[in-house]
Amino acid sequence: MSKNINLVLSGGGARGIAHIGVIEELKKQGFIIKSISGTSMGALIGAVYASGKLSEFKKWLFTLNKMDVFKMMDFTLSKQGFIKGDKIFDKMSEFISDVNIEDLELPLAISATNISTNSEVVFKTGDLFDAVRASISIPTVFTPVYKNNDIIIDGGVINNLPISNIERFDGDLLVVVDVNRTQTDKERNSKLGFLDIMNKSLLLLMERVTELSIEKYKPDIIINVSGESAKILDFHKAKYMVNIGKESVLNQLNNR
């Protein structure tokens with residue numbers, strides 16, 4: 001089996017921290033990442049990895065507690081999102097190289113959504129940080145990005161597992177990571193609150209679109225992480241999510 005892989009990383013907020021564990025475990029198992037396609041948190045992790053700063057980013061995440069996460073939320077009264085995100089994005093800039101995407105050693109595709117034209121935007125060239133900033137603009141949470149009179153938001157809205165954007169190489173394996181898999185729990189479902197119902201509804205919608213994409217492109221390896229493992233802003237659970245990512249890789253490889 002080839003050890004060269006083309007890696008697709010889904011969105012999922014704090015659940016996307018699992019991508020760090022996935023990348024670390026894949027490399028430990030001898031796989032060589034030849035290209036990455038990511039959306040939202042997957043785009044951020046992909047950009048940090050391509051910048052060579054994944055270890056530093058993980059160490060910083062591991063220092064966060066609930067209060068640290070709350071302090072980074074610069075709340076706004078804007079109708080387009082309740083967090084401006086300036087504090088968060090300023091910190092992210094420390095882990096993302098000040099380069100154009102096409103100048104990275106690793107081919108990288110970052111997806112976002114243009115809600116002015118109802119279409120997907122795929123960044124394979126241009127400023128790396130700007131592309132990530134657009135891709136992780138979660139609707140109603142972070143204020144959107146304005147570019148050429150268009151409104152750009154989270155790529156997960158239209159393509160949360162961007163297999164269609166990955167650069168492929170002959171003989172390489174296609175590996176996809178989905179951190180939004182839904183679970184059936186009748187006892188828990190009977191106690192769902194309003195926000196839980198909204199979150200689960202979004203997960204179900206994304207899961208259906210993801211299933212169609214997987215059916216079309218037929219990945220060689222599918223790594224799933226439960227959508228119930230963390231909520232969108234649970235960044236204080238970084239250690240737990242990294243471990244979940246590693247375990248998910250091992251479970252998948254052991255069952256092949």
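Colleague: Hi! Which residues are buried in helix α3, residues 54–61?
Modeller: In this predicted model, the buried ones in α3 are L54, F57, K58, W60 and L61.

Colleague: And where do they sit around the axis of α3?
Modeller: They are on the same side of α3, because they cover an arc of only 160° around the axis.

Colleague: Nice. What covers the buried residues of α3?
Modeller: Several helices take part, including α1 (18–28), α2 (41–50), α5 (86–92) and α9 (238–254).

Colleague: Let's switch to α1, then. How many residues of α1 are buried?
Modeller: Eight of its 11 residues are buried, so α1 is largely enclosed by the rest of the structure.

Colleague: Which ones are they in α1?
Modeller: You can look for A18, H19, I20, G21, V22, I23, E25 and L26 of α1.

Colleague: What follows α1?
Modeller: G30 does, and its phi is positive, near 95°.

Colleague: Now α2. How do the axes of α2 and α6 cross?
Modeller: The axes of α2 and helix α6 (residues 128–135) cross at roughly 160° and come within 8 Å. That angle makes α2 roughly antiparallel to α6.

Colleague: Is the crossing of α2 and α6 left-handed or right-handed?
Modeller: α2 passes α6 in a left-handed crossing.

Colleague: Which residues make that contact?
Modeller: From α2 there are A43, L44 and A47, and from α6 there are L128, V132 and S135.

Colleague: What classes of residue are in the contact of α2 with α6?
Modeller: Five nonpolar residues and one polar residue, with no charged residues.

Note on methods. Residues are numbered from 1 along each chain as its sequence is written. This is a predicted model: local features need pLDDT of at least 70, side-chain atom pairs count only at pLDDT 80 or more; totals for chains, interfaces and linings use all residues. Side-chain values use heavy atoms; hydrogens and water are left out. Buried means under 20% relative accessible area, exposed over 50%, partly exposed in between (1.4 Å probe, protein chains only). Helices (H or I, at least four residues) and strands (E, at least two) are DSSP runs, numbered from the N terminus. The arc is that of the directions from the helix axis to the C-beta atoms. Contact means heavy atoms within 4.5 Å. Axes are lines fitted to C-alpha atoms, for helices over the stretch in contact, and angles run from 0 to 180 degrees between N-to-C directions. Angles under 35 degrees count as roughly parallel, over 145 as roughly antiparallel, 65 to 115 as roughly perpendicular and the rest as oblique. A crossing is left-handed if the near helix is turned anticlockwise from the far one by less than a right angle, and right-handed if clockwise. Ala, Val, Leu, Ile, Met, Phe, Trp, Tyr, Cys and Pro count as nonpolar, Asp, Glu, Lys and Arg as charged, and the others, Gly among them, as polar.
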